[in-house]
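These are my notebook entries on one structure. I recorded what I looked up, entry by entry.

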Amino acid sequence: MKKFVYMFDEGNSLMKELLGGKGANLAEMTAIGLPVPFGFTISTESCNAYYDAGKKVSSEIEEQIFTCLQMLEEKTGKILGDPANPLLVSVRSGAVFSMPGMMDTILNLGMNDETVKGLARLTKNPRFAYDSYRRFIQMFSDVVLDVDTFFFEQLLEEYREDHGYSHDPELSAEDWQMVIAGYKKIVKERTRKEFPQNPKEQLLLSIKAVFDSWNNQRAIVYRRLNKIPDHLGTAVNIQSMVFGNMGNDSGTGVAFTRNPSTGEHTLYGEYLINAQGEDVVAGIRTPQPILTLEKEMPDVFKQFSETCQLLENHYKDMQDIEFTVERGKLFILQTRTGKRTAQAAIRIAVEMVEEGVIDKKTALLRVDPDQLNQLLHRRIDESVTRKILTKGLPASPGAASGQVVFDADEAEILGNEGKKVILIRPETTPDDIHGIVAAQAVVTSRGGMTSHAAVVARGMGKACICGCEALKIDLKAKQMSIGDTVIREGEVLTIDGATGEVMIGEIPMIEPQLSEEFLLLLQWADEARKLGVRANADNPEDAKKAFEFGAGGIGLCRTEHMFMDAKRVPIVQKMILADNFAERKEALNELLPMQQADFEGIFEAMQGFPVTIRLLDPPLHEFLPDKEELLVEVTKLQILTPDAPELAEKELLLKKVHQLAEFNPMLGARGCRLGMIHPEIYEMQAKAIFYAIASVEDQGIAVKPEIMIPLVGHVNELKQIRQLVIDAASLVQEETGKSFDYLIGTMIEIPRAALTADEIAEEADFFSFGTNDLTQTTFGFSRDDAEGKFLQAYIENKVLPENPFAVLDCGGVGKLVETGVKLGRATKPWLKTGICGEHGGEKNSIEFCYETGLDYVSCSPYRVPVARLAAAQATIRKQLQEKSLQVQV
C-alpha cells in the first residue's frame, strides 16, 4: 500500500518535495533531538490525490491519517475528544516552497463543549480553556465553514464595549462562555448547521480546507509572482498543541538567527508573554524584542539561543524560527530558511564563508541575482505608507519622484533648471531622447517591456513603467486621468520601476549601497564563472558605467541612439530628405565626425576590452516626426496661414513620411536591408569606426572592435556588406597609414539566419543573437502589441509560462539559438557567440546561454552585476550536476 502519511520521526530534510518545507523541517528537527511537539505530516501526494479524486480524501488516506493519529495519542498520552485528558492539535499547510500567509491554519482542534471542561480542570485555568475554545470556533468557522471572521470580531467588540473591557485578557471564563454561545449562534445562522462537536469530523474537514487553500486566490497569485509550479500541492502538518497562553511562565514568539534586514549576526525577533502565536501576528498586543526574554526567562533564553545556533549550523543558513514556551518549557514549532533583503543576503553569505560555515560556491548560490537590483537603484522606503494610483509594466527598476511633464522639451528645460521631473507620454520615440535624459523616470501608457522607452531607460539606469493602459493622457490639456483622479502638469508623483506602481506625492527613497561584501561576492563570482559578461552601451557615459560595474566589453553599441541627440536629428532628417546622392553624402559627412567622437569615447572608456558596434538598424521613418502630428500641423497651416514659409517645408516632410511609411516597419526597410539600398550610410559609419580606432590607438589605448551587421537573413546580404566594411577599412588604412585588427559579424535575429547559420558563418567572425527580435520573429508577436494587449492574459491563463521577452523561450527561440551555434561552429569551430537582447541580464536565460556554449551575454550596464552573479551560479550548478553524475556512475 502506498504511504501517504508520515510521523515526524519517519522523515528528514531531504523529503521536502513529499513532506513540504515545514514537514521536512519538523522531521529533521525531531531527528536531531530538538523539543518539537509530536505530530505527523500528510504528504503533498495526498493533496494531488485529493484533487484527482474530485476533491475527496480517499479511504486509504483516511485510514493512514487515523493510524498516525492513534500513534500520536500514544506518544502524548492524550486522546482526541477525550474529556478527561483531551489531545488538541494544530492543522497547518506546508508547501514545498515557503508561502507565508498564503494558505490556511487551524489551532486548538479537538475542542468541543466537553473537552473544554476537561482542559479547564487539567490546567486549573478555566479562562485559558474557554479562550482557547472561542479562538478555535472563530478560526475553524473562517477557514472550514466559510463564515467571515468579521461577524465574530463584531460580536466580540460589542461584548467588550457593553461590559467596559478594553482588551481580551480582561475577559473572564464566564465572559468567554457568553462569547462562545454567541459564536455558535453565528455559525448556526450562517451555515444552517450546528458547530461540529466530533473532533474526528473537525480533523477531516480541516485537512480538506487546507488542501482547498492550495488553490485559493491569494495562493495562486503568490505562486505566479514567485514562479512556484501549481502541480506541487501542499502537505498538511498535524501537530499536538502547546500553549503559550497558560500564564506568565508561558509565551510565544518568532525569531531569526540573524537580522533579516541588515544581515548582522545577532538574534532578531519578538515574543509575547501569555499569548498564542496568532497574537504576535495579529498586532493586538505589542510584542517585546527577543533579547529581553533573557531577563524574563533566563534559562529558556539560554536554551533558545543554543537551539538557534544549532539550527543555523545544521542547515548552514539563517533560520526563521517559531517557538512556544509552555509553563517554562521550550518547544520549537517550526524552522525554515529566513527571507531577507538583498543587503542582508549578501552580508550573511560572505560572513558565513568567513566563519567557515559554507564555502564560496555555496555563498554565491545563496544570493538571488534578481535581488541585486535592489542595491543598484534607488528604491522606495518600505516603511512609508503610500497611495497607489495605478500600475503598469515594470520596465526598468529603480524609483523616482518628480513633477509630471508631458513634453520632452519641457522635461529638458526643467531638468536643466535642476528640477526633478517624470516624463509622461503615450509612448516615446527617438524625438523624446533629450527629455528622457533630463527626466528622473519615464511612464508610458502604451508599449511593453522592450519598447523604446524601456530599452533606453534601462540603458541609462532610469526607472521606467510602460503599458500603463489605465492612464488617459491628454497632451493638449497637459493632464492625465486615472478613473476619476486627474493629475495635471506640475503635480508630483512617485514611481517604482521594479513593481510598476505609480503613486501620488513624493515618497522617501533609499539610496543604492554597494557594500564591501557586495564587491567581494562579485569578485568571487568572476573567479567562478566561465561565461563572459558584456554591456549594452550606446555612449561614453554608459560605457564608463558598464566598466565600473565590471563589464568585460561592450556587446551591443546601437549607433542609431547616437543619431537621436537633439542636435543631430536635424542633420539626420536632412540626410533622409535629400533629393539626390550628393545631398545625402553632404549630410553624412556632417554626421561622420560626430559618430567618430562617440566611438572614440566608448573605446577610451573600455580600456582595451572588445566593443561590438551595430550598424544602423531602425527604419528611417523613426527619425522623422509622427505622421499624425505632422498632418495636423500641415492642415492648421493650410487653413490659418497658407502663405507661411514653413508650410512648404512641412508639406515636403509629410510627403517623405508618407513615402517611408510601411505596413509593418519591423519587417521592412531596416537593418542590413537599409544598408543594401543606401550603402553610403553604412560606409560613413564604418569609416567613423576606423578613424576612431586610429585616433584612440595614437593615445596608446588598445582597441578591439567588432562590427555587427543587423537583420541578416541571407548570407549574400552579409557577404556584400562585409566587403563594404573591408573597403572602408582599406580607405582609412591608406589615409592614416594604420593597420586595423577587427572582426565582422552579424546579429542573428531572424529564424532563417539561425537555420542557415552554417552558410552565414562563412562570412562571419562572430554571431550575436538578438533575442528581442528573434523572439518577435519566432512567435510572430509584435512585442509592444503583445505585452499591451494579450500577453499578460496568456501568462495568467498558463498559455505561456513566462513573458518570452523577459525570460528566454528555451523550447522555441532557444532551439534556434542552439541550432545557430551548432551550425555556425560546424563551419568555424572558433566562431565567437553571444547574446545581446534583454535576456542577457535575466538569470534563467543566462543559465541557458552558458549550457548552450555561448561565449558571453550582454545586458544594460545596471544589470552587469546581476549577470556576473547569474553566470557564476550557472557554472557552479553545472559543476555540481557533473559531480553528482560522476558519483552515480
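**Entry 1. The model**

I noted at the outset that the model is predicted.

**Entry 2. Strands 3 and 4**

I looked up strand 4, which covers residues 105–109. Of its 5 residues, 4 are buried, so strand 4 is largely enclosed by the rest of the structure. I then looked up its pairing with strand 3, residues 89–95. The two strands run antiparallel and are joined by 3 bridges. For Val 89, I found the bridge partner in strand 4 to be Leu 109.

I followed one pairing within the order in detail. Strand 6 (residues 251–256) and strand 9 (residues 319–326) run antiparallel, with 6 bridges between them. Thr 252 has Thr 324 of strand 9 as its bridge partner.

I next examined strand 31, residues 856–859. Which way do its side chains point? Tyr 856 and Ser 858 point one way, while Val 857 and Cys 859 point the other way. All four of these residues are buried. I set a general rule beside this: in a regular strand, side chains alternate between the two faces of the sheet.

I then looked up the pairing of strand 31.

**Entry 3. A negative surface patch**

I looked for a group of like charges on the surface. Glu 153, Glu 157, Glu 158, Glu 161 and Asp 162 form a negative surface patch. Is Glu 161 buried or exposed? Its relative accessibility is 57%, and the cut-off for exposed is over 50%, so Glu 161 counts as exposed.

**Entry 4. Salt bridges**

I turned to pairs of opposite charge. Side chains of opposite charge can pair when their charged atoms come close. How many salt bridges does the count give? The count comes to 50 salt bridges.

*Lys 184 and Asp 113.* Their side chains meet in a salt bridge of 2.9 Å, N to O. Lys 184 is in helix 7 (residues 173–191), and Asp 113 is in the loop between strand 4 and helix 4 (115–123). The pair links distant parts of the chain, 71 residues apart. Lys 184 is partly exposed at 23% relative accessibility, and Asp 113 is partly exposed at 28%.

*Glu 586 and Lys 574.* The closest N and O atoms of this salt bridge are 3.6 Å apart. Glu 586 lies in helix 23 (residues 581–606) and Lys 574 in helix 22 (residues 569–577), so the pair ties together parts 12 residues apart in sequence. Glu 586 is partly exposed at 45% relative accessibility. Lys 574 is partly exposed at 35%.

*Arg 877 and Glu 847.* In this salt bridge, the closest N and O atoms are 3.1 Å apart. Arg 877 belongs to helix 36 (residues 864–888) and Glu 847 to helix 35 (residues 843–852), and 30 residues separate them. Arg 877 is partly exposed, at 33% relative accessible area. Why does Glu 847 count as buried? Its relative accessibility is 18%, and buried means under 20%, so Glu 847 counts as buried.

*A network.* Salt bridges also link Arg 127, Asp 131, Arg 134, Arg 135, Arg 160 and Asp 168 in a network.

**Entry 5. A distant pair**

Finally, I looked up Ala 470, which is found in the loop between strand 17 (463–466) and strand 18 (472–474). Ala 470 is partly exposed, at 36% relative accessibility. How far apart are Ala 470 and Lys 545 in space? They are 35 Å apart, C-alpha to C-alpha, and 75 residues apart in sequence.

Conventions:
Residues numbered from 1 in each chain as written. Predicted model: local features only at pLDDT ≥ 70, side-chain atom pairs only at ≥ 80, totals over all residues. Heavy atoms only, no water. Buried < 20%, exposed > 50% of the residue type's maximum accessible area, 1.4 Å probe, protein only. Pairing = 2+ DSSP bridges. Patch = residues over 30% accessible without salt bridge, like charges linked within 9 Å, V, L, I, M, F, W, Y side chains within 5 Å. Areas by Shrake-Rupley, 256 points an atom, 1.4 Å probe, with all protein chains shown as cover. Salt bridge = Lys/Arg side-chain N within 4 Å of Asp/Glu carboxyl O. Lys, Arg positive; Asp, Glu negative; His and termini not counted. Charge placed at Lys NZ, Arg CZ, Asp CG, Glu CD.
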